[in-house]
Amino acid sequence: MISNVQKRVTYILAILLLLIWGLDFVICKAALSYFEPMILLTLKYAIGIFVVIVIKLIKTPKTMIKPKHIPIFFLCALMGEIGYFGLEYSAIKVMPVALVTVILAFVPIFSILIERVVFKQKIHYSIVFGIIISVLGVGIIVGPHFGGLGSKSIIGLVMAFAAAFLWSAYNFLTESLQNEYDDSTITLFQVVAALCIMAPYAIWRQPDFSGVSTEILIGVIYLGIFGTGVAYLIYIRIINHLGSTTAALFANFLPLSSAILAWMVLGEKLSLIQAIGAIIVVVSTTYVIKKKDKMVKNEKS
């Protein structure tokens, strides 16, 4: 039983997590001026893996993965750690941070659509309504400015949507491992698989650090330690103490924290109509998450 004090501490940590993730996006935007997306991602995991190893050694030092699951871990790494974050970073490089995070808020929508298409689960009309409103919200954000978007921005928009879809698919694939392993084991070996895939490319490209500022290098270290390690610890605590639905709801407010930090640090601004569209997307996807959770609970009871 979780005490009220533990819950209050967890809510405070959840707010801190929004700031960590929001700053993660802002630092990525700045670092991408020096590194290409896959190089930055490799550096992030190369640093973060030491934090994840410590977590693993503390929680379940003796648990190892079965050989038959190795292909699944590599597929998860391709879809999640590499596919999702690679596309996300590529989109951030050519688009405002806040707009990218709004598109990524579509992850719950894509998850429900995958359940319908692949697993043939029925979708309640109220959830369909929420999905339609979310799409309209994106239309409000992009529509009036679509004609003025350059080819890079349009490609960035497509990559952001592709990233959201890949993360949804990744979640279903990772779920197949959760009955076999604990979270720290899954995270560690997925990061190991990702580094095995990306390291040869990073070595071949041999990034030049000579022109990189000290601030950017500190930012990259932040991405590894906090973006990969500390954020993971807090997110797992939220799931354990408050439930997965509450964790998803907090994550859904990432566009707000990232927009504020991007404005403060990078000087990026959203127009009034884009801000209204972003609010519509956040509210409607929050509605979909809560509605879906209520339906699942009713089915179990």
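1. Buried means under 20% relative accessible area. Ser184 has a relative accessible area of 1%, so Ser184 is buried. The model is predicted, and every value below is computed from it.

2. Ser184 sits in helix 8, which spans residues 183-205. Setting aside neighbours within four places in sequence, Ser184 is in contact with Val52, Ile55, Lys56, Lys59, Thr60 and Tyr232. Among these partners, Val52, Ile55, Lys56 and Lys59 fall in the range of helix 2, residues 37-59. Tyr232 falls in the range of helix 9, residues 214-242.

3. Two polar contacts involve the Ser184 side chain. One goes to the side chain of Thr60, at 3.3 Å. The other joins Ser184 to the side chain of Asp182, at 2.3 Å.

4. Ala160 is 24 residues from Ser184 along the chain. The C-alpha atoms of the two are separated by 27 Å.

5. Thr228 belongs to helix 9. Its relative accessibility is 9%, so Thr228 counts as buried.

6. Phe50 lies in helix 2. Is Phe50 buried or exposed? Phe50 is exposed, because its relative accessible area is 57% and the cut-off for exposed is over 50%. Phe50 and Gln206 are 156 residues apart in sequence, with 22 Å between their C-alpha atoms.

Methods
Residues are numbered from 1 along each chain as its sequence is written. This is a predicted model: local features need pLDDT of at least 70, side-chain atom pairs count only at pLDDT 80 or more; totals for chains, interfaces and linings use all residues. Side-chain values use heavy atoms; hydrogens and water are left out. Helices (H or I, at least four residues) and strands (E, at least two) are DSSP runs, numbered from the N terminus. Buried means under 20% relative accessible area, exposed over 50%, partly exposed in between (1.4 Å probe, protein chains only). Contact means heavy atoms within 4.5 Å. A polar contact is a pair of N or O atoms within 3.5 Å; within protein, one must be able to donate a hydrogen and the other to accept it, and residues adjacent in sequence count only if both atoms are side-chain atoms.
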